Structure formats: C-alpha cells, structure tokens
Amino acid sequence: MFGGATSQFHEHPCGMFLYVENVDDVYAKALANGGASLHAPVKQEYGYTAGFSDPFNNQWWIVQGE
C-alpha cells in the first residue's frame, strides 16, 4: 500500500500493511524489541488490527483477518 503524506499521516521512511496470524503476539514482540505503539490492537470492520513504529521510524500496520 502506497500513499502520500497528509496532515494526519506524516512523512516517514516506510510504511507496511501486513496480514499476520496473531496481532497480539506480533504487537507485543514489536514493543518488547524497541517499537513504539501507534495504535493498540482493536477490532475494526476489516479485521483485528494494530500499529507500531520501529526504531528507524518505519510504520507497521498489522491486521488479522477473520
């Protein structure tokens, strides 16, 4: 997924949107290894999702499909 910077989503090196098997596990491991929370896990209309940034300011948006 590609997109330009906006007032809500500022420019950063890279952003990924990934489907994973377990959002809670991936999110917890990311935070335990130096990641910063962008959005705690929550159920959305498109699936269970969360967001975090890594130490290099890349953004990771993960979703667990239903």
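## Nonpolar surface patch

Phe 17, Tyr 19 and Tyr 46 form a nonpolar surface patch of about 350 Å². Patches are built from residues with over 30% relative accessible area and no salt bridge, with like charges joined within 9 Å and nonpolar side chains (Val, Leu, Ile, Met, Phe, Trp, Tyr) within 5 Å. A salt bridge is a side-chain nitrogen of Lys or Arg within 4 Å of a carboxyl oxygen of Asp or Glu. Accessible areas come from the Shrake-Rupley method with a 1.4 Å probe, and for residues only the protein chains shown count as cover.

The classes are buried (under 20% relative accessible area), exposed (over 50%) and partly exposed (in between), with a 1.4 Å probe and protein chains only.

## Basis of the model

The model is predicted: local features need pLDDT of at least 70, side-chain atom pairs count only at pLDDT 80 or more, and totals for chains, interfaces and linings use all residues. Residues are numbered from 1 along each chain as its sequence is written, and side-chain values use heavy atoms, with hydrogens and water left out.

## Overall fold

The protein chain has one helix and four strands, arranged along the sequence as β-α-β-β-β. Helices (H or I, at least four residues) and strands (E, at least two) are DSSP runs, numbered from the N terminus.

The protein chain has 66 residues, of which 26% count as buried. It exposes about 4,800 Å², and carbon and sulfur atoms supply 56% of that area. Among contacts with a separation of 6 or more, 40% are between residues 24 or more positions apart. A contact means heavy atoms within 4.5 Å.

Seven residues make up the largest nonpolar core: Val 20, Val 23, Tyr 27, Ala 30, Ala 50, Phe 52 and Ile 62. Helix H1 (23-32) and S3 each supply at least two residues of this core, and the largest share, three residues, comes from H1. A nonpolar core is a set of buried Ala, Val, Leu, Ile, Met, Phe, Trp, Tyr and Cys residues joined through side-chain atoms within 4.5 Å.

In H1 the buried residues are Val 23, Tyr 27 and Ala 30. They lie on the same side of H1, because they cover an arc of only 65° around the axis. The arc is taken over the directions from the helix axis to the C-beta atoms. These buried residues pack against strand S2 (36-44), S3 and strand S4 (59-64). The face of H1 turned away from its buried side carries the exposed residues Lys 29 and Ala 32. Leaving out residues up to four places away in sequence, Val 23 touches Pro 41, Tyr 48, Thr 49, Ala 50, Ile 62, Val 63 and Gln 64.

Ser 37 lies in strand S2 and is partly exposed, with a relative accessible area of 40%. Apart from neighbours within four places in sequence, Ser 37 is in contact with Tyr 27, Leu 31, Gly 51 and Phe 52.

Ser 53 is part of strand S3, residues 47-53. Its relative accessibility is 10%, so Ser 53 counts as buried. Residues up to four places away aside, Ser 53 touches Gly 35, Ala 36, Leu 38, Asn 58 and Gln 59.

Glu 21 sits in the loop between S1 and H1 and counts as exposed at 77% relative accessibility. The C-alpha atoms of Glu 21 and Val 63, 42 residues apart along the chain, are 8.3 Å from each other. For Gln 44 and Val 63, 19 residues apart along the chain, the C-alpha separation is 9.3 Å.

Asn 57 is in the loop between S3 and S4. Its relative accessibility of 42% makes Asn 57 partly exposed. Phi of Asn 57 is near 70°, a positive value in a residue other than glycine. Most residues other than glycine have a negative phi.
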